[in-house]
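Please read this briefing alongside the sequence and the coordinates. Its points are grouped by topic.

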Amino acid sequence: MIETRGLRHTYPGAEPLPFDDVAVPQGGSLLLRGASGSGKSTWLALAAGLLTPQAGDMVVAGQAVAALRAGERDRWRARCIGFLPQKLFLSEALSVADNLALVYFASGQAVDRVAIARALDALGLGALAARKPAQLSGGQAQRVALARALLLRPQVLLVDEPTASLDDAACAAALDLLQQGAEQTGATLVIATHDARVVQRLPNTRTLVLRAATSETLA
């Protein structure tokens, strides 16, 4: 679940980014819409604990994000948040399987190779476990990043512009994977997008439309 009240963030030399209050139940979903610079990635970074709210409150997966110290926040993020950024951040030096293993190190847990194999198999990636990211197609790399995000069965799945460079068929497949992954883990799903196709395919999903210095009403 995610709840915000009076949330605002300001970058040096820029206008404040205020965000409307929102409450998304566990297992629910939310679309963040708006043009570049409207605050979509900032909202996701706040929810993931990568930024600290400068005003207001944000509770994610039952935790007030601002109350966590730096080390606690990293462990909490690894355990509770699945984050799929627009830039996938797969280590080119590591195999697909070892890229997933990094999640265990970040959360302070022992690596579970059986769970890694199961997560890759679930997304049709089992045969690619030993490959390096440079040996993957764009779609395969995105599925690897999704498998990594879902590996520890997070309570919240945050996704930034997952369809920006995809054709219509790949866009549909990516959204299906995201929905299926969230449903399988019971995660709250938040997708930041400026892609109208996402809204068309998810017409019943609640939407928060953001603008550069203000936010509109939750739909």
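The model is predicted. The protein chain contains seven helices and 10 strands, and 48% of its 219 residues count as buried.

**Overall form**

- The C-alpha trace of the protein chain spans about 45 × 40 × 35 Å along its principal axes.
- The radius of gyration of the protein chain is 17 Å, which agrees with the value near 17 Å that a compact globule of 219 residues would have.
- Among contacts in the protein chain with a separation of 6 or more, 69% join residues 24 or more positions apart.

**Surface and charge**

**Nonpolar cores**

- The largest nonpolar core comprises 38 residues, and those with the most contacts inside it are L100, I116, L151, L157, L178 and I191.
- At least two residues of this core come from each of α3 (96-107), α4 (113-122), α5 (138-150), β8 (156-160), α6 (168-185) and β9 (188-193).
- Helix α5 provides the largest share of this core, with seven residues.
- Beyond its neighbours within four places in sequence, L178 contacts L84, L146, L157, V159, P162, L189 and I191.
- A second, separate core has 27 residues, including A47, V190, A192 and L208.

**Helix α1 and T42**

- Helix α1 covers residues 40-47 and contains T42.
- T42 has a relative accessible area of 7%; because residues under 20% count as buried, T42 is buried.
- Leaving out residues up to four places away in sequence, T42 touches H9, Y11, L17, F19 and L51.

**Helix α3**

- V96, A97, N99, L100, A101, V103, Y104 and S107 are the buried residues of α3.
- These buried residues pack against α2 (70-80), α4 and α5.
- One of the buried residues of α3, L100, is also among the residues with the most contacts inside the largest nonpolar core.
- G108 follows α3 and has a positive phi, near 75°.

Conventions
Residues numbered from 1 in each chain as written. Predicted model: local features only at pLDDT ≥ 70, side-chain atom pairs only at ≥ 80, totals over all residues. Heavy atoms only, no water. Helix = DSSP H or I, 4+ residues; strand = E, 2+ residues; numbered from the N terminus. Rg over C-alpha atoms; globule rule 2.2 N^0.38 Å. Buried < 20%, exposed > 50% of the residue type's maximum accessible area, 1.4 Å probe, protein only. Contact = heavy atoms within 4.5 Å. Core = buried A, V, L, I, M, F, W, Y, C linked by side-chain atoms within 4.5 Å.
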